[in-house]
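Okay, everyone, thanks for coming. Let me put the structure up, and then I'll talk you through the sheet and a few of the helices.

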Amino acid sequence: MYDGLARGHTEGMAIVKVLLIEDEAFTRSLLSAALTSSLVKVYSGHSAKYALETVASENVDVAVLDLDLGGGPTGIDIAHALRECKPELGLILLTTYSDPRLTGSDERTLPVGTRYITKSTLRNINQLLTVILQSKSQPLSTDKALKASQSELTDHQVEILRLIASGSSNSEIAKLHNVSEKAVENTVTRMIEVLEIKKDSGLNPRVQLVRAFSTLSGNQLPG
């Protein structure tokens, strides 16, 4: 693949410049090192401020963004801001979350052409590089865009699941949504059915839902 890319390549000049935004330092360092080559120049950072400043000052072709940046703007927020700054910037979301709604985001709000890749499906760095090159050449193509997979849960159920995973009680959730505790209990029961969680006499249903949230988020809890 690299030989093909090198045709017509000017010595010492990268053919693609990539902005990498990842809040986890170790992962950011690994991805940056793996992507960097004579053909790829990587600008890596962890904040929205760094992302905007880099796209404004450098001729970046593609931004690879983590979805959950640990508070503050999400990868989707940054994607919108970057696309506004540079309308034909290629955008890739690389995340552990199989369903973006679990972070309070929604795939339907992604900028046009955004590629969505879950880290668990990434087999090797060449696979990511291929998507980067596609994103550079066709940044606004919806045909090439990789979509996020969503669970069968409704938006309301996803929100309740997020609150349960954060430690909120049924009573707290009921007050927040201005519904009865019974309504919350019914939602919990329905979520268990949708997620096909088998009853376990040794585990509270809420614990099982927290485990389900963890799995969908790409963070398997220990048994």
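So, look at L65, which stands opposite L93 in strand β4. Keep in mind that this is a predicted model. The strands here are β3, residues 62–65, and β4, residues 90–95, and they pair in the parallel sense over four bridges.

Now zoom out to the sheet. What order do the five strands come in? Going across, you read β2-β1-β3-β4-β5, in an open sheet with parallel pairing. At the edges you have β2, at 40–45, and β5, at 115–118; each has a single partner strand, so one side of each has no neighbour in the sheet. From one strand to the next, the twist averages 20°.

Okay, helices on the sheet. Helix α3, residues 48–57, lies across β1 and β2, and runs at about 165° to β1, which is 16–21. Then there's helix α5, residues 125–137, which lies across β1, β2, β3, β4 and β5. Its angle to β4 is about 150°.

Last stop is a helix pair: α6, residues 155–165, and α9, residues 205–216. How far apart are their axes? That's 9 Å, with a packing angle of about 105°. Angles of 65 to 115 degrees count as roughly perpendicular, so that's what we call α6 and α9.

Who's touching whom? From α6 you've got L161, R162, I164 and A165, and they meet R206, L209, V210, F213 and L216 in α9. Sort that contact by class and you get seven nonpolar residues, two charged ones and no polar ones.

Key. Residues are numbered from 1 along each chain as its sequence is written. This is a predicted model: local features need pLDDT of at least 70, side-chain atom pairs count only at pLDDT 80 or more; totals for chains, interfaces and linings use all residues. Side-chain values use heavy atoms; hydrogens and water are left out. Axes are lines fitted to C-alpha atoms, for helices over the stretch in contact, and angles run from 0 to 180 degrees between N-to-C directions. Helices (H or I, at least four residues) and strands (E, at least two) are DSSP runs, numbered from the N terminus. Angles under 35 degrees count as roughly parallel, over 145 as roughly antiparallel, 65 to 115 as roughly perpendicular and the rest as oblique. Contact means heavy atoms within 4.5 Å. Ala, Val, Leu, Ile, Met, Phe, Trp, Tyr, Cys and Pro count as nonpolar, Asp, Glu, Lys and Arg as charged, and the others, Gly among them, as polar. Two strands pair if DSSP finds at least two bridges between them.
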